[in-house]
Amino acid sequence: MTFFETATDGLPRRAGRAEQNWAGAATQPFGTTIDPAAAALAAVRSELSDLRLRVPGVRGAAIGGVDGLLITHDLPAVVEPHDLAALAATTFGLGRQTALVLGQSPFRDATLRSEGGYFTVYAVGERALLCVLGDDGINVARLHLEARPAVARLAAILP
C-alpha cells in the first residue's frame, strides 16, 4: 500500500481520498463519479418501492411533474408509466381547480375508485406528483397514512 497514487492527470494524490471532477461532483478513489442527480433518483425509486412493500394492495407508483411528464416509476410492465404521469397531472389540474372554486386550501391529494382498483394522486411540493395504483381491496386509509410521510420525504429529495 502506498501513501500516494497517480491520478488521471498524472499528479500524485493521497491514496483513498475523494476528489471532485470538473463539474464539482465527488469522485471515488477508483475514478467512478457519484452523480448527485442519479443518487437522488435512486432515493426516489427506493421510496416508491418501500411504499409498495409497506401497503398491501399497492400495485405500483410513479412520480411525474405537474406538466404530465414522467420522472421515474416503480410499476408493473403492463402499466404504461407515461400515461399514468399524464393522468396524474390531469387529476391534479381538476383537483386544483375544484379547490380554488370552492375556496379551499391548495390541492393535497385525490383518490379515484373504479371496478379494478384505486388511483391516488398526491402533490409533492408544487412541481411534482406521486401517483399510486392500488388493487380493489387496498386499505385506502392505510395508504394515506403511509403515503403522506413518503410525500414529505420525496419533497425533501426532489429539487
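Biologist: Which elements are included in what covers the buried residues of helix 1?

Modeller: Buried denotes under 20% relative accessible area, with a 1.4 Å probe and protein chains only, and contact denotes heavy atoms within 4.5 Å. Helices (H or I, at least four residues) and strands (E, at least two) are DSSP runs, numbered from the N terminus. Here the cover of helix 1 includes strand 5 (58–65), strand 6 (70–74), strand 9 (128–135) and helix 3 (140–157). This is a predicted model, in which local features need pLDDT of at least 70 and side-chain atom pairs pLDDT 80 or more, while totals for chains, interfaces and linings use all residues. Residues are numbered from 1 along each chain as its sequence is written, and side-chain values use heavy atoms, without hydrogens and water.

Biologist: Which residues of helix 1 are buried, and where do they lie around the axis?

Modeller: Val44, Glu47, Leu48 and Leu51 are the buried residues of helix 1. Viewed down the axis, they fall within an arc of 95 degrees, taken from the directions from the axis to the C-beta atoms, so they line one face of the helix.

Biologist: Which residues are buried in helix 3, and what do they pack against?

Modeller: They are Val140, Leu143, His144, Ala147, Ala150, Val151 and Leu154. These pack against helix 1, strand 5, strand 7 (109–114), strand 8 (117–124) and strand 9.

Biologist: Where should the coordinates not be read in detail?

Modeller: That caution applies where pLDDT is low; pLDDT is the predictor's confidence in each residue, from 0 to 100. In this model, pLDDT stays under 50 over residues 16–23, whereas the chain averages 84.

Methods: Buried < 20%, exposed > 50% of the residue type's maximum accessible area, 1.4 Å probe, protein only.
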